Amino acid sequence: MWDRGEPADSSRRLSRVDVEHRSEPAGDADSRDLAGVYRYYELAKRAEWQVRDLPWGDVSPIPEYKGSPQKLARRRDLWRSVVTQQLQADELAVEMATQLFAIAPDRDAKLYYTTMVQDEARHTEAWLKLIEEAGGMAERDPYLDRLAQQVLDADTIEEKVFLMQVFYERLIIPRFRMIARSSRGTVLEDLCNRLTVDDGIHHGAGMAYERVLLEDAGKKVKDSLVKAANRLLPLFAQHALWRPKAREFIGALMRETDLRMLKEDLEQGVRLAMSLGIDVSDIELPY
Ligand SMILES: [Fe+2]
Ligand SMILES: [Fe+2]
């Protein structure tokens, strides 16, 4: 499973002996410096938690309200919708992390991705349990499926790491904070706080790896990242502004907030790209 699908090059393969006896990061056959990525491998292992650590049964899964049966049903549908989208995102994240694990050309990066696959799988497990306790799945976000497909279909690892870890994993963090703030004292809050930490690691590792990947990349590779971003951004905007039926009634109220957050996300994305030495003058912002 460590095979890249290319002609065998034993020096790039990771053997069991390597994993058990190596304490120092080794880099790959081209002796790229992967120490920055390897650090996140150690960090991710230390930060690992279990779904059973969440306060199941001690606090309510999602916020509870007082009021008419209609109001209660409406609120429950709203939270089911929030949880459904996070479940959907983490299911897609497992696929993306698995693909990154499979194609990463550096063995320390591969080691790191084993933890990311495990993290995203655990996130999915937690959301599955939570959605069951919250009353079942709601409507999927069609734009999120298409966003994920674009990342899965991207041509190069540089594009995939850029779109998923540099961009998306960073932008999701304020969303988790927002959900946590409005669901105090619930399992949902606890889960969102854990995901803030995990996705912080996923983003940090992605930044570290993208730097390594871009170190000796030419203008062509960097231009391809701008093109990939320009393909993704309109879809990202549709995803950010999309409101499922269950949340339509707050849609008008939230539109301003959604637009403000989208703009902040896009500006943040541009700053991140600049910090990786990418010429952002050709990035086309949808807003
Ligand atoms: Fe996740
Ligand atoms: Fe993640």
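1. Buried is used here for a relative accessible area under 20%, exposed for one over 50%, and partly exposed for values in between, computed with a 1.4 Å probe on protein chains only. By that cut-off E169, with a relative accessible area of 3%, is buried, and D199 counts as buried at 5% relative accessibility.

2. The model is predicted, with local features needing pLDDT of at least 70 and side-chain atom pairs counting only at pLDDT 80 or more, while totals for chains, interfaces and linings use all residues. Residues are numbered from 1 along each chain as its sequence is written, chains are lettered from A and ligands numbered from 1 in the order in which they are written, and side-chain values use heavy atoms, leaving out hydrogens and water.

3. E120 (OE), E169 (OE), D199 (OD) and H202 (ND1) coordinate the iron ion (ligand 2) at 2.1 to 2.3 Å; donors are N, O and S atoms within 2.8 Å of the metal (3.2 Å for Na, K and Ca), and since water is not among the atoms, sites may look incomplete. Along the chain, the donors of this ion follow the spacing E-x48-E-x29-D-x2-H. E169 in helix α6 (residues 157-181) and D199 in helix α7 (residues 187-215) are 30 residues apart, so that the pair links distant parts of the chain; helices are DSSP runs (H or I, at least four residues), numbered from the N terminus.

4. E120 also coordinates the iron ion (ligand 1), which lies 3.4 Å from the iron ion (ligand 2).

Notes. Helices (H or I, at least four residues) and strands (E, at least two) are DSSP runs, numbered from the N terminus.
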